[in-house]
Amino acid sequence: MNAKLARHLDGIEALAERYDVFLLDQFGVLHDGQQPYAGAVEALSALKRAGKTVVLISNSGKRAEPNERRLKKLGFEEASWDHFVSSGEVAWRAFRDMAASGALRGGTKCLLISRDGDRSAIDGLPLALTDNSDDAELVLISASEGDRYDLDHYRALLGPAAARQVPCFCTNPDRIMLTAVGPRFGAGELADLYESLGGSVTRIGKPYPAIYEAALALAGNPDRGSVVCVGDSIEHDIAGGAGAGVATALVRSGILANFTDLSALFDRQGAYPDYTLDAFRWR
């Protein structure tokens with residue numbers, strides 16, 4: 001679809017008149033990591049009152065439960081979504097299945113790159129944490145602390161493992177993250193860094209198929225024409241939704257809030273939304 005033909009909407013009420021299943025991003029759409037966007041709590045609740053199926057789909061390296069706990073702490077009503085699918089949850093389940101099949105050896109030394117010491121990405125998995133890139137057998141990049149460290153910090157941390165071609169999994173492909181001090185580089189940027197250092201990376205999350213397959217399965221595998229994907233990233237939400245065969249809506253309250261002309265970004269990513277909204281509000 002040509003970007004110039006994207007229909008601009010005042011609110012998601014118009015989408016609710018057309019679609020039955022909503023795949024919603026959280027960061028940059030519902031909240032900025034610190035507080036909800038104006039009208040977002042009410043709009044999410046209104047979708048459920050309208051009888052819509054709501055699946056929250058997030059590039060978060062954390063599992064679903066801590067993400068849902070954060071939403072409730074921010075003031076979102078627990079009953080205002082049906083399912084939560086995070087890239088961290090999809091990855092955790094994949095690792096669990098690999099361990100059960102013997103593809104992942106128990107006690108494998110894992111270098112975990114996370115935020116605030118969070119270990120939910122590997123809780124319950126037969127992995128042994130290591131802080132030493134020199135003896136790591138697996139690297140898992142679940143988050144970035146780009147608001148605390150620069151890329152040189154991560155270059156030193158990841159370099160030895162990358163040089164040894166240690167397998168790396170990135171469970172949050174976002175290259176930019178919203179923080180209390182503004183946008184900073186995300187886990188996806190660290191995955192790019194790992195590759196530049198000579199390693200290879202498997203990315204799990206938007207825009208890759210597995211997370212959409214999981215979300216649509218939880219929604220009952222609906223007709224794709226009844227589904228809309230709403231997010232603030234062209235690279236992840238719009239490209240990913242289009243790849244999954246569903247309609248897409250770009251919300252401009254997140255990482256693109258300060259961009260006035262998006263045409264070049266659409267062309268660069270080769271992804272064009274069906275709809276645009278200034279914010280996630282009802283009307």
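This report describes the fold, the nonpolar cores and selected residues of one predicted protein model.

**Basis of the description**

Residues are numbered from 1 along each chain as its sequence is written, and side-chain values use heavy atoms, with hydrogens and water left out. Because the model is predicted, local features need pLDDT of at least 70 and side-chain atom pairs count only at pLDDT 80 or more, while totals for chains, interfaces and linings use all residues.

**Overall fold**

The protein contains nine helices and 14 strands; these are DSSP runs numbered from the N terminus, with helices (H or I) of at least four residues and strands (E) of at least two. The radius of gyration is 19 Å, close to the 19 Å given by the globule rule for 283 residues, so the protein is as compact as a globular protein of that length. The radius is taken over C-alpha atoms, and the rule is 2.2 Å times the number of residues to the power 0.38. Along its principal axes, the C-alpha trace spans about 55 × 40 × 35 Å.

Of the 283 residues, 51% count as buried. Here, buried means under 20% relative accessible area, exposed means over 50%, and partly exposed lies in between, with a 1.4 Å probe and protein chains only. Among contacts with a separation of 6 or more, 73% are between residues 24 or more positions apart; a contact means heavy atoms within 4.5 Å.

The protein exposes about 12300 Å², of which carbon and sulfur atoms supply 47%. This area comes from the Shrake-Rupley method with a 1.4 Å probe. The mean positions of the 30 positive and 38 negative charges are 2 Å apart. Lys and Arg count as positive and Asp and Glu as negative, whereas His and the chain ends are not counted; each charge is placed at NZ of Lys, CZ of Arg, CG of Asp or CD of Glu.

**Nonpolar cores**

In soluble globular proteins, nonpolar side chains tend to be buried together. In this model, the largest nonpolar core has 31 residues, and those with the most contacts inside it are L15, F22, L24, F76, V230 and F280. Such a core is a set of buried Ala, Val, Leu, Ile, Met, Phe, Trp, Tyr and Cys residues joined through side-chain atoms within 4.5 Å. The elements giving two or more residues to this core include α1 (13-16), β2 (21-24), α3 (64-74) and β14 (275-277). The largest share, five residues, comes from α2. A second, separate core of 28 residues includes V21, L138, C229 and V246.

L15 is in contact with L9, F22, V230, A249, Y275 and L277, leaving aside its neighbours within four places in sequence.

Helix α2 is largely enclosed by the rest of the structure, because seven of its 10 residues are buried. The buried residues are A40, V41, A43, L44, S45, A46 and L47, and they pack against α1, β2 and β3. Just after this helix, G51 takes a positive phi of about 85°.

**Individual residues**

| Residue | Relative accessibility | Class |
|---|---|---|
| I113 | 4% | buried |
| R70 | 22% | partly exposed |
| G245 | 45% | partly exposed |
| D116 | 52% | exposed |

I113 lies in strand β5 (residues 108-113). Not counting residues up to four places away in sequence, I113 touches L140, I141, S142, A143, Y154, L157, L158 and L190. The C-alpha atoms of I113 and D131 are separated by 9.4 Å, with the two residues 18 apart along the chain.

R70 belongs to helix α3. With residues up to four places away in sequence not counted, R70 touches Q26, F27, H31, S60 and K62. R70 and F84 are 14 residues apart along the chain, and their C-alpha atoms are separated by 12 Å.

G245 is in the loop between α8 (234-243) and β13. G245 and A99, 146 residues apart in sequence, are 32 Å apart in space from C-alpha to C-alpha.

**Backbone features in loops**

D116 is in the loop between β5 and β6 (127-129); although not a glycine, D116 has a positive phi of about 60°. N221, also a residue other than glycine, has a positive phi near 50° and is located in the loop between α7 and β12. The peptide bond from K206 to P207 is cis, with omega near 10°. P207 is placed in the loop between β11 (201-203) and α7 (209-218).
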